[in-house]
Amino acid sequence: MQSLSSVLATDLFSIAKATTSIDVLIVGSGTAGVTSAIELAGKGLSVVILEAGPFVLTNHVGSTPFRSRSDLAPQVHNLVRYRTAWTDREHFDEDIAPPLNSDAWSAVGGRTLFWGGCTPRFSEWDFADWPVTFDEFKAYYEHAEDLMHVSGNSTDRPPFFRGDAQQGFLDSLTNAGIEAEHASLGVDTQEQRNGYVSRGFDCAADRLIRSGLLSCDVARGRITLVPNTLAERVDHDGRQVTGLIAKGTEDDQRYRLVARHYTFAGGAIQSTRLALASGLKELHPHVGTHVSDHQFIQGLFKLREPLNEPIYAFIPSTKERPYHIQIQGPFNETWYTPYHATVWLDCDPEGLYLLAYCFGVGESSETNEVKLTQGQSDGPGDLGKYAVIADRSESDKEVLAQMDAFLPKVAEAINAELIRTQVNPLGAALHEIGGLRMSAEPEAGVTNTYGQFWRLPNLSVADSAAWPSQGSANSYLTITAWSLRHAEGVLARLSA
C-alpha cells in the first residue's frame, strides 16, 4: 500500500531526471514557501518545493486529537525537532562549538504545524525603517487574512472566545486605561453553511493540499513537493544563479537542479545559512547580519475568583509601548512549553491561572549575525551547523524592563496576582528575522523590496530573512503577507 508521502510527494531522483523545465525552485515548505508556490502555480508556472524534513502531518497539530494528548504531542514535535545554538559575542569561540540551546523544526509545513495561533498585524509605525510603507503593504495583509481565515475582527469570522467573561475581562483592562481587544487568531470561526465546515488552524501543509495544485509530476500550473531533501548550496556566475545542489537526507548522491528562478523560504535563519553556505557573503557584506528576535517574557497570573469561561485577550503595542501581551486561560497552574502552543483550546473554565506572553521589539543590530560552524548538530545534514551570535542592545534591555514593569499593572487591572515571570533568552521566541536585509538601493542591503537579491536577480527570499526590523506582533501573518508580495515580484520578473 502506498504511503501518504508517495501519494502527495515525489523524490529527488524523479525531479532530477524530469525533462519538463522548472520555472521556480523553492527551498522550504512553511508558509513562505507554500504561499509563494500557490500564487505562482496559480498563474501557470511550474513550481518545485524542496523540504528537508518528512511529511508527518497534513494539518496543524491543534486541529488534530494530538493537541489534547500531553503524552503524545511532545513525541510528534520530536519527530521533526532539532537543536540549534544561540549565543552572545562574549561566549562565542570560533574553535569551540557552542552549546545547542534552542529549537528548530524541519517538516513539510514547517513550524506552521505547531504555531500558537495569534495573528496580529504589525502597526503602521513598525514600517518606519522598511523600504515599503504600511499603506503599500496593507493589501497583502488583507489577502493573507482572507487566505488564512483569520478570526477576531470581523462579523464573518468573529472572535474564537466571545462570551460574557471575555468581554468583562476586556472591559476591566479598558477601565484601567489599558487598551485591550479580542485576539486575532489563525483559527477559522466562520459559521457552517452550505456544507462548509470551519477548517481549524491555518497550516502550510493543509493549505498546500487544499489548493488542488499539488502534483507528483513537474508541470505548468502545478506544484511538486520533494520532502527529505537537503539543499546544500546554489551556484552562480556573479550575475545569476546557475543551479542548485541537493541530496536526499538518506543518500550521498548529489543532484544539480536548474530552474528559471530560485527562492529561499526555510525561515530567516535557514535561508541565511543557505546563502552563507553558497558563498553569497562575497557579493554583499550584509549577508548573515542584522539578525533579531523578539524580546520575550512569560508571566503567570492567579485570579482571585474563577472566570467560569475561557478567554483570549490581546493588549496591542503602541508607539510609546513597543510590546504586546497575549493573555490566555484560565488553567490549573501550568507553564508554557513549545509542545503546548495550543493549550488555550483545552483550558479549565474553573481554573484560577492565566498565562501571559509578552513580546517586545528587538533591535536588528549589524553585529547580530549567523555564523557557519562545523560543530555537532542533531539536525538533518548541515541544517544545524550554525550559531546565531546576538547581544541584547541597550534598547532591547529597556524594552525588557518596560515589559517587566507593565505586567504587575495588568495583574492589578484584572484583579489578579502576578506570581511568576521569566525572561527568555534571544531565540526562544522563535520569531527570528534578518540575515538577508532588504533595501531600496543595491548598496544598502542584500535584497530589493520584493526579496530579490540585488546581485542575483533570479534568486529571492520569501521569508522574514529580508525584513530590516519587525514590530512586536507574532510573525506568521506578516510572513504570509510578505510572501504574497514576493510572489508578485517573481511573477513580474518571469513574465518580463
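## A proline in strand 13

Let's start with a proline: Pro330 sits in strand 13, which covers residues 323-331. Keep in mind that this is a predicted model. The peptide bond leading from Gly329 into Pro330 is cis, and its omega is near -5 degrees.

## Helix 5 against helix 10

Two packed helices are described by the angle between their axes and the distance between the axes. For helix 5 and helix 10 (residues 476-495), the axes come within 8 Å and cross at roughly 115 degrees. Angles of 65 to 115 degrees count as roughly perpendicular, so that is the label for helix 5 and helix 10. The crossing of helix 5 past helix 10 is right-handed.

Who touches whom here? Helix 5 brings Phe137, Tyr140, Tyr141, His143, Ala144, Glu145, Leu147 and Met148, while helix 10 answers with Tyr476, Leu477, Thr478, Thr480, Ala481, Trp482, Leu484, Arg485 and Glu488. Sorted by class, the residues in this contact of helix 5 with helix 10 are 11 nonpolar, three polar and three charged.

## Helix 3 against helix 10

Helix 10 also packs with helix 3 (residues 31-42), at an angle of about 40 degrees and with the axes 8 Å apart. Helix 3 and helix 10 are therefore oblique to each other. This crossing, too, is right-handed.

On the helix 3 side, the contact uses Thr31, Ala32, Thr35, Ser36, Glu39 and Leu40. On the helix 10 side you'll find Tyr476, Ile479, Thr480, Ser483, Leu484, His486, Ala487, Val490 and Leu491. What's the class make-up of the contact of helix 3 with helix 10? Eight residues are nonpolar, six are polar and one is charged.

His149 is worth a look if you're checking backbone angles. His149 lies in the loop between helix 5 and helix 6 (164-175). Its phi is near 55 degrees, a positive value in a residue other than glycine.

Terms used
Residues numbered from 1 in each chain as written. Predicted model: local features only at pLDDT ≥ 70, side-chain atom pairs only at ≥ 80, totals over all residues. Heavy atoms only, no water. Axes fitted to C-alpha atoms, helices over the stretch in contact; angles between N-to-C directions. Helix = DSSP H or I, 4+ residues; strand = E, 2+ residues; numbered from the N terminus. Parallel < 35°, antiparallel > 145°, perpendicular 65-115°, else oblique. Left-handed = near helix turned anticlockwise from the far one by under 90°. Contact = heavy atoms within 4.5 Å. Nonpolar A, V, L, I, M, F, W, Y, C, P; charged D, E, K, R; others polar.
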